[in-house]
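Reader: I have a few questions about how the labels in this model were assigned. Could you walk me through them?

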Amino acid sequence: MLTALRCVIRRDLLLAMRRRSDVATALLFFVIVVSLFPLGVGPEPNLLREIAPGVIWVAALLASMLSLSRLFAADFADGTLEQMILSATPLGAIVAAKVVAHWLVSGLPLVLIAPVLALQFDLAQPLLPVLTVSLLLGTPVLSLIGAIGAALTLGVRGSGVLLSLLVLPLYVPVLIMGAGAVEAAAVGLDNAGHLLLLAAFLVGAAAFAPWAISAALRISME
Amino acid sequence: MSQPSLVVGNVNWFKYASPQSFYPLAGAMIPWFAWAAAALCAAGLYVGFFVAPTDHQQGESYRIIFIHVPAAWMSMFLYLVMAFWAGVGLVFNTRLSHMMASALAPTGALFTFLALWTGSLWGKPTWGTWWVWDARLTSELILLFLYFGFMALKAAIDDPRRADRAGAVLALVGVVNIPIIYYSVEWWNTLHQGASVSLTRAPTMAATMLTGMLLMALAAWMYSIAASLHRVRSVILERERGADWLRAL
Amino acid sequence: MLEAIDLECVRGERTLFSGLNFALRGGELMRVAGANGSGKTSLLRIVCGLLFPEQGSVRWRGENVRTLREEYGKELVYVGHSNAVKDDLTAAENVTVSCTLSGMEPDRDRVHEALHGIGLAGCEGLPARALSQGQRRRVALARLLLCGHAPLWVLDEPFAALDAQAIERVQALISAHVARGAAVVYTSHQEARLPATHTINLAGAASDR
């Protein structure tokens with residue numbers, strides 16, 4: 001089984017490498033959205049410092065959603081998904097491997113670039129590790145929950161907009177805890193609770209989401 | 001699909017799980033629930049507007065809770081019921097359960113909207129603004145999005161069977177998330193605002209106020225049952241068009 | 001081994017077939033025939049457990065395939081209507097991935113051997129984008145050379161887009177597999193060139209509901 005999972009991850013990473021522009025587009029989107037906020041609310045440094053965690057988190061939410069529709073669409077179109085459902089490996093495990101690959105390609109780059117963007121907002125230096133850790137814990141949850149929505153909307157007309165309607169409300173707890181962790185640290189409060197809850201979300205989503213994703217995929221394949 | 005049977009007290013309850021036998025049953029039940037809703041609503045409004053005393057802090061504007069609170073209760077409860085039927089449909093593969101779930105969604109969304117609207121009407125005289133990021137209002141707003149998502153997904157998928165099953169998975173995912181969303185929002189709210197006046201924590205609830213509210217809550221129940229039975233009949237008509245038993249009606 | 005009981009399939013408003021029964025033992029070959037839109041692909045997808053029949057069930061060694069899931073996947077090779085070939089991967093990479101999903105661990109040499117055997121020598125390192133339609137079909141079918149152990153093959157239009165030489169090669173593969181004692185189900189709207197033990201003709205079964 002491990003061979004199959006390694007193979008799926010390797011394949012998805014290989015495909016992403018051969019289509020580098022797709023990955024870059026989502027990342028660029030993240031950078032642009034974050035950069036638009038100072039233009040919208042004005043360059044007042046105190047205000048920017050205050051809204052930075054929220055802005056970066058909301059932009060990360062949107063950017064990770066942008067790449068979701070690609071998660072299963074290509075495999076659905078060329079029949080690979082059928083082979084995955086009929087595979088000798090449990091579908092839940094294959095799906096988990098695909099989500100891991102997706103996160104490595106679209107979530108991890110966001111985590112890595114976020115501190116740079118935070119500097120644009122003059123976020124205090126000690127807060128940068130907090131922001132990175134919160135994103136590191138939170139973005140995999142976004143990928144897991146988003147994959148459920150992506151699986152449900154496979155092959156449905158207008159699936160892109162529908163996907164955001166389904167998935168964004170479910171992202172709320174992650175957004176609150178993720179941005180909250182940074183904000184709490186900014187005012188000198190203890191933020192261990194936020195980060196622990198984010199970790200709990202991650203564990204819960206990792207346990208529950210693969211089941212829901214594979215159920216949704218089986219339904220969408222009919 | 002072979003029909004499973006569940007026999008309790010000499011009645012095979014799965015008999016009513018087929019749209020064919022449920023359709024006339026629902027038709028017979030609707031008037032009872034509709035009249036009960038109307039009567040309870042009249043009684044509740046009377047108690048609420050004429051019997052219950054004026055609140056010494058908020059004046060007359062508090063009276064909106066007679067609509068707001070039952071609507072808010074109903075909005076959350078109906079999501080649970082909807083998810084329950086969706087889950088039953090997914091496990092036992094009964095068409096009627098899926099039809100029930102889709103019939104409940106608009107009523108649930110309606111109550112959610114009503115709760116938001118009345119909440120905002122109450123907020124204007126009390127807090128001085130139409131909208132406050134109060135924990136309850138915010139979670140109601142997200143609940144409304146969840147209802148919309150469920151209905152939009154069902155509407156977007158052409159094949160009714162796939163729509164039913166996909167909607168069911170979404171409803172179940174939503175129901176797992178509702179408590180998490182609710183507590184996160186509440187936590188977020190206390191962190192940002194400190195304790196705010198809550199809509200349901202109306203100061204010193206008089207007995208008549210409670211009576212009025214319970215009457216209105218019961219009226220909302222009856223209305224929901226009547227409305228969703230009516231809607232499920234329409235869904236049956238739409239889905240089963242061309243079936244022999246419908247032609248015979 | 002493979003048994004279908006009282007199958008009914010409804011797509012949209014149309015009943016494609018109903019009351020369909022068959023039983024297939026090892027060493028038997030079943031051909032599903034019928035016009036376009038008569039439900040051949042749907043029947044094959046039901047047999048694989050991808051599609052939920054409106055009524056009835058498919059059993060493998062006595063158990064419903066919907067509950068067997070990956071246990072069934074270990075014994076089944078399904079080549080669908082779509083090739084499941086990725087444009088951005090080379091022919092060899094595509095074959096490796098599809099075989100790994102079927103639960104094998106093919107090494108490089110065996111993959112190259114299989115591609116050679118299906119007539120794609122020299123194409124191993126080419127991205128699938130550069131291949132013709134027939135060659136892509138061959139990439140999908142190369143799995144049959146590597147998964148000879150699977151006791152059930154389900155092939156949807158295996159000969160589509162293939163040239164005469166390749167058709168002969170695939171027919172030989174199917175015959176050899178049946179001779180080994182495996183069960184094979186395939187669809188084709190072309191004339192039968194293989195001695196099938198069972199034939200299902202769906203043409204007459206289609207009717208409006």
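Author: Over all chains, the disulfide count comes to zero, a disulfide being a pair of cysteine sulfur atoms within 2.5 Å. This is a predicted model, where local features need pLDDT of at least 70, side-chain atom pairs count only at pLDDT 80 or more, and totals for chains, interfaces and linings use all residues. Residues are numbered from 1 along each chain as its sequence is written, chains are lettered from A in the order in which they are written, and side-chain values use heavy atoms, leaving out hydrogens and water.

Reader: How do you know that C:Cys48 is in no disulfide?

Author: The nearest cysteine sulfur, that of C:Cys9, is 13 Å away, and the cut-off is 2.5 Å.

Reader: And why does C:Cys48 count as buried?

Author: Its relative accessibility is 3%, and buried means under 20% relative accessible area (exposed is over 50%, partly exposed in between; 1.4 Å probe, protein chains only), so C:Cys48 counts as buried.

Reader: What makes C:Glu54 and B:Arg161 a salt bridge?

Author: Their side chains meet at 3.4 Å, N to O. The rule asks for a side-chain nitrogen of Lys or Arg within 4 Å of a carboxyl oxygen of Asp or Glu, so the pair qualifies. Between chain C and chain B the count is one salt bridge.

Reader: Which classes of residue does chain C bring to that side?

Author: Two nonpolar, two polar and three charged residues. Here Asp, Glu, Lys and Arg are charged, Ala, Val, Leu, Ile, Met, Phe, Trp, Tyr, Cys and Pro nonpolar, and the others, Gly among them, polar.
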